[in-house]
There are 2 protein chains.
Amino acid sequence: MILALAGGVGGAKLAKGLSEVLAPEELLIAVNTGDDFEHLGLHISPDLDTMMYTLAGINDPVQGWGIAGETWSFMQALETLGGETWFRLGDRDLATHIERTARLRAGHSLSAVTQHLCTQLNIAHRIAPMSDDSLRTIVHTSSGRLAFQDYFVRRRAEPAVTRIDFDGVGQARMSAALHAALGSTMLAAVIICPSNPYLSIAPILTVPGVRDALGQRRVPVIAVSPIVAGRALKGPAAKIMRELGAEPSSLAVAEFYRGLIDALVVDEADAELSAAIDALGMHAIVTRTVMHDLQSRTSLARTVVDSVQSLFPLATRRSAR
Amino acid sequence: MILALAGGVGGAKLAKGLSEVLAPEELLIAVNTGDDFEHLGLHISPDLDTMMYTLAGINDPVQGWGIAGETWSFMQALETLGGETWFRLGDRDLATHIERTARLRAGHSLSAVTQHLCTQLNIAHRIAPMSDDSLRTIVHTSSGRLAFQDYFVRRRAEPAVTRIDFDGVGQARMSAALHAALGSTMLAAVIICPSNPYLSIAPILTVPGVRDALGQRRVPVIAVSPIVAGRALKGPAAKIMRELGAEPSSLAVAEFYRGLIDALVVDEADAELSAAIDALGMHAIVTRTVMHDLQSRTSLARTVVDSVQSLFPLATRRSAR
């Protein structure tokens, strides 16, 4: 069984590929919920939604978020009523937020609600939040301390980031699925998807117990770099790296994950970084990482899964014992 | 100034007519909120919504409720997710419920929220809930004790009604606008719109203080019968009358309001009931009460307003002093 850690769009692309090459029981996708927030009285989980919509094949590939063929009557009416419209909520997407919120209020856990929504969307593979508790990403910026969506959507990631931390770390526990996967003798590898390391993966690593479990791991951890030729394929990862004093590159990603991962998958465009990455005590795996379509997602997923077996045959055998 | 008491569709039609013949400062429309309910985590006020949409001219005249040109993407998506779909919520309509709920949660009163929504919808005349507190209509039926929408929408008003009462009467207070209107020296008349007496007007009369204020009134109270030739123009009023042991007719409406009103406006089809209605100690005013279009609404509103002045010249003069 493989555990994938993922954030939104980039992570969902690889997760979709993994779902093509692994059977449902062979994969658990643990998703960042540091971006979750309450808006208009609704509990919104942007990364869980992107993951669900992508695996269900109903995601909007052009826009990069939300549901394909979405309509916007609600948003137009809300604007007429003077409501808050900076966070765009499509009519179909809204059903997810309302159903999730109603079920959470009825006492169900975020894990249980996610499982229910996945079942309704005919998603065979397992998607779980990193935690059922509130652990919120806070972005300290030139414009002050901002809640994640305030920084990311309302202010379009424009303020310079000085520091990132997380509210609620003390109380947060891993979700049952993530906890079980990390402790499972069936676990063969952990794959860190090409999501923003600072904003999407760091929150997962911050959930108490996750970093320790990975540190004591007996299975390989492989990350896929979200940076190609010094640029983020999506989102503000490169910009944030610069603001935090790092040169945006896959080498900086390797340094960010140093001590935590056994291999970093980088794009062919970054092949020249292999030696420097190897020098950090991990394998550099060079392949095509840009995922334009389902075929490239599946292909990258297969490369990553195959490299687990080729690079770490002992680990795989040990975990299978 | 005229105070109109109203429920949903039928009441909104006359209120729309009144808004055509009276200036904004000459009219307050106090609306039934006994039908309000929490659904999918949203505070829904069906009668306030119908009133707002009708006065704003955006109501759906064919369907009889909701917004014209509505779209249904949310409802379809909610059905896919296995959510509750028995109460139909259009995409545009949803904006009203979400904005209202968010503002109520932020601590605003239902009166303040209603005023805000009316301003955003460019409604010049004043619409106020009967109360900012929870006073809920409960329908006792052959299928047990049912919350209003459970009876009315989910079960399509099919179970036989044995009794109607109201939850929360002890705590409920009149809204400030209704209280001020009933106590105002500027009040010239109270008009009870052609809404269901049992389900739409009775809740308003049940708000502590309303019945007393009307009993001590120095101004005429005129009701418009929602029954024409033994049939309700809309909804289950005639059916409920029968179930409660009354022959559905404008005479039964007169009996229901006996002691409370000075005149009952009935349709030409019920002219033969005039003498029996007069015998109950009120004036029967015979005119066309069926409102198919804006002209008929305006015409009926003018007849009602004119009858205040012709039938009760002293009252009008006294209140104007």
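How many bridges join strand 1 of chain B to strand 2 of chain B?

**Before you start**

This is a predicted model, in which local features need pLDDT of at least 70 and side-chain atom pairs count only at pLDDT 80 or more, while totals for chains, interfaces and linings use all residues. Residues are numbered from 1 along each chain as its sequence is written, and chains are lettered from A and ligands numbered from 1 in the order in which they are written.

**Stop 1: chain A as a whole**

Select chain A. It holds 14 helices and 14 strands; helices (H or I, at least four residues) and strands (E, at least two) are DSSP runs, numbered from the N terminus. The radius of gyration of chain A, 19 Å, is close to the 20 Å that the globule rule gives for 321 residues, so the chain is as compact as a globular protein of that length. That radius is taken over C-alpha atoms, and the globule rule is 2.2 Å times the number of residues to the power 0.38. The C-alpha trace spans about 60 × 40 × 40 Å along its principal axes.

Of the 321 residues in chain A, 52% are buried. A residue is buried if 20 or more other C-beta atoms lie within 10 Å of its own, exposed if 12 or fewer, and partly exposed in between, with C-beta atoms placed from the backbone.

**Stop 2: a sheet in chain A**

Two strands pair if DSSP finds at least two bridges between them.

Next pick Arg156(A), in the loop between helix 6 (148–154) and strand 8 of chain A. Arg156(A) has a positive phi of about 50° although it is not a glycine. Most residues other than glycine have a negative phi. Arg156(A) is exposed, with 10 other C-beta atoms within 10 Å.

**Stop 3: where chain B touches chain A**

Show both chains. In chain B, 23 residues are in contact with 23 residues of chain A; two residues are in contact if their C-beta atoms, placed from the backbone, lie within 7 Å. On the chain B side, helix 3 (73–80), helix 4 (91–105) and helix 5 (110–120) each supply at least two residues. Helix 4 of chain B gives the largest share, 10 residues.

**Stop 4: strand 1 of chain B**

Select residues 2–6 of chain B. 5 of the 5 residues of strand 1 are buried, so the strand is largely enclosed by the rest of the structure. Ile2(B), Ala4(B) and Ala6(B) lie on one side and Leu3(B) and Leu5(B) on the other.

Here is the reply to the opening: strand 1 runs parallel to strand 2 (residues 27–31) of chain B, and 5 bridges join the two. Ala6(B) stands opposite Val31(B). Strand 1 also runs parallel to strand 9 (residues 189–192) of chain B, joined by 4 bridges, and Ile2(B) stands opposite Ala189(B) there.

**Stop 5: helix 11 of chain B**

Select residues 250–257 of chain B. Of the 8 residues in this helix, 6 are buried, among them Leu251(B), Val253(B) and Tyr257(B). The elements that cover the buried residues include strand 13 (263–267) and helix 12 (274–278) of chain B. Gly259(B), which follows helix 11, has a positive phi near 85°.

**Stop 6: two loop residues in chain B**

Pick Ala229(B), in the loop between strand 11 and strand 12 of chain B. Ala229(B) counts as exposed, with 12 C-beta neighbours inside 10 Å, and its phi is positive, near 50°.

Then pick Leu233(B), in the loop between strand 12 (231–232) and helix 10 (237–243) of chain B. With 19 C-beta neighbours inside 10 Å, Leu233(B) counts as partly exposed. Leaving aside neighbours within four places in sequence, Leu233(B) is in contact with Gly10(B), Pro226(B), Val228(B) and Val290(B).
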